[in-house]
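Subject: Structure handover

Hello,

Here is the structure for your set. My notes follow below it.

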Amino acid sequence: MNTTIDLNLIVRQLRIVSGLILLTYAALHLLNHSVGLISLNAADSVRVYFHALWRNPIGNFLLYGSLIVHIILAFYTIFSKSSYKITKIEWLQLIFPLIALWWLAQHIFAGFTLNKIYGVEESYDLLTSIGLLDQESPSPWIPSIPAYIYNAATFGIMTLFIWGHGVIGLHRHLRFKSVFYNTNFNIFLFIYWIVPIAAVLGYFASLKEKSLLGYIYNLETQGNLFYEAFLKIPQESHGVLFPVIYMIDTFYPFIFLGIVLIVILNLVRVNLFGKIIVQYPEGKDIKIPKGVSVLEASRIAGIPHVSVCGGKGRCTTCRVKIISGLDNVNEPNAHEASIIKRLGFENDVRLACQLKPTKNISVLPLLNPETKEIKARTPVGLSGKEKETVVVFIDLREFTKLSEKKLPYDVVYILNKYYSVCGEIIENNKGRLDKFIGDGIMAIFDGAQSSSENSKNSIKAAKLISKAIKDLNNQMKIDFAEELRFGIGIHKGNTIVGMMGYGETVTETVVGDNVNIASRLEELNKKYKTELVVSKDVLEAAKINSKQFTSEKIKIRGRSGELEIFSLENASKLSI
Ligand code: FES
């Protein structure tokens, strides 16, 4: 399969970079507003540093460049969409900036004109004075309210919408990319809320302080402090500033309607002239516009289709087999191609979220859950997330042979004893049983706060399991003339965590390369004749002396470089 330059990928990267720069600017700007909670003077003192940071050639280039790129790409994305079958949160992310732009455009234009053309320093002192001028509403849309109420209200809406747009984008980006983000999500959530709230409160506190100062000034001098501050704006700027702001305020709603109209026309065009058919098993034919992904086609038609990462191309659970029309699909982008290569997919297996047919095709989703049931019981479960996890595999050695010699009743008894011994130790050490696979157990250790603690808990559990099975063997020798032998493999790393399964058997579990590696380490116990094989990452995180282990570097299929592993013959003797 050839790979091609993926324009959408480039657009996405540019949008992320420009968005991060703008969000950084917005965060600092809002934090500066929040200093108004201390005093106007304090806010103005901080503003000097804020302006020094952004009002230089590099700052200007980054800020205005990002703003232009971000707006152009946003319109490109909006107008090039062939389907608006998107989630509610995506709708909010789309609508928020379109509404906020109404006042943001005025804000940017006024700031740019005053500072860059007329050299006026936009201090909080000046801005609050203008905000409190006793004027009629500057908006022709709401003429009956005073200007200061209109300005304060639009400032609040603009702040919340722009910030909301930014943090939704950041969240959607980081939740599948960063383990740090997911493990510290509550801290991020706190920042997401506190920054705009503090900014709005800071702005109102500044207005209140200024209003008090204006009142005292008026009592002492009979003058108007606000109007005198207003006079600092050069007369010659009025002819540019106020008509343009008035025009933006008056005509932006029509621009907004124009955008909506273009979107509707675009949808009509693709729906009338660009339809193709995606055929699903059992003869379900779904008509979709060209350019829509197969995953979107499934959503449009309400066909259950697993998509643990939400269509980000990171989990592979949406994969489909192309039954016919292999020539009618886009080439995989670099990211999808690398996944296909790494996992050794056949030519006709593709990720539905990345697959955009240009002509009719027929597909077979390879994982096909009872989505309705999963959704009913776990409303957020299907979304999945990326998380660093410590994974433990335990397996009994030659249990098949042992079970052939025993009565079924004895086999069930022995297995249940082994499950309960391991299960209790795992749970007592902040781990959780993920699944039983025959005589194997998969467990996840994520109950402690840090990766270091989870790693240590997993090794401690391995030691205790080894001891407990040896104790169990004393009884087994008497009752069954047999002993249980076992192997444990432990590894940690990024995994996809989500609700997975079918029908009634839907549980939260983890998938990914690192789970396979843990399983592989468990198998290595057979080769080394050991009880425990653990990866260097886990041992280092747990801060356990590695000298008691035998180490080796091994190659793992699908992973570049070698993996250093540590094995131990008798895990019960481990010193922790
Ligand atoms: S939904 Fe995760 S890769 Fe497609």
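Start with the hairpin of β7 and β8: two residues lie between its strands, and Gly-438 there takes a positive phi near 60 degrees. Helices (H or I, at least four residues) and strands (E, at least two) are DSSP runs, numbered from the N terminus. Strand β7 (residues 431-437) runs antiparallel to β8, and six bridges join them. Two strands pair if DSSP finds at least two bridges between them. Phe-436 has Ile-441 in β8 as its bridge partner. Strand β8 (residues 440-445) is mostly covered, with five of its six residues buried. Buried means 20 or more other C-beta atoms within 10 Å of the residue's own; exposed means 12 or fewer; partly exposed is in between; C-beta atoms are placed from the backbone.

Two points on conventions. This is a predicted model, so local features need pLDDT of at least 70 and side-chain atom pairs count only at pLDDT 80 or more, while totals for chains, interfaces and linings use all residues. Residues are numbered from 1 along each chain as its sequence is written.

Overall picture. The protein chain has 18 helices and 13 strands. Of its 576 residues, 33% count as buried. Take the contacts in the protein chain with a separation of 6 or more: residues 24 or more positions apart account for 72% of them. A contact means two C-beta atoms, placed from the backbone, within 7 Å.

The sheet. Five strands form an open sheet in the order β2-β1-β5-β3-β4, with mixed pairing. Its edge strands are β2 (284-289) and β4 (349-351), each pairing on one side only. From one strand to the next, the twist averages 40 degrees. Strand β1 (residues 275-280) and strand β5 (residues 361-365) run parallel, joined by two bridges. The bridge partner of Val-278 in β5 is Ile-361. Helix α11 (residues 294-301) packs on this sheet and touches β1, β2, β3 (319-324) and β5. The direction of α11 makes about 115 degrees with that of β2. Axes are lines fitted to C-alpha atoms, for helices over the stretch in contact, and angles run from 0 to 180 degrees between N-to-C directions.

Helix packing. The axes of helix α6 (residues 147-174) and α8 come within 10 Å and cross at roughly 160 degrees. That makes α6 roughly antiparallel to α8. The cut-offs are under 35 degrees for roughly parallel, over 145 for roughly antiparallel, 65 to 115 for roughly perpendicular, and oblique for the rest. Residues of α6 that meet α8 include Phe-155, Leu-160 and Trp-163. On the α8 side, Tyr-192, Tyr-203 and Phe-204 are among them.

Helix α3 (residues 57-80) has 24 residues, which at 1.5 Å a residue should span 34 Å; its end C-alpha atoms are 33 Å apart, which agrees. The expected span is 1.5 Å times one less than the number of residues. Ser-66, His-70 and Ala-74 are buried in α3. Helix α2 (residues 40-54) has 15 residues and should span 21 Å; its end C-alpha atoms are 21 Å apart, which agrees. In α2, the residues Leu-40, Ala-43 and Arg-47 are buried.

Last, backbone angles. Most residues other than glycine have a negative phi. Gln-222 is not a glycine, yet its phi is positive, about 65 degrees. Gln-222 sits in the loop between α8 (185-221) and α9 (225-230). Gln-222 is exposed, with 7 other C-beta atoms within 10 Å. Glu-398 also has a positive phi, near 50 degrees. Its place is in the loop between β6 (385-396) and α14 (399-405). Glu-398 is exposed, with 11 other C-beta atoms within 10 Å.

Best regards
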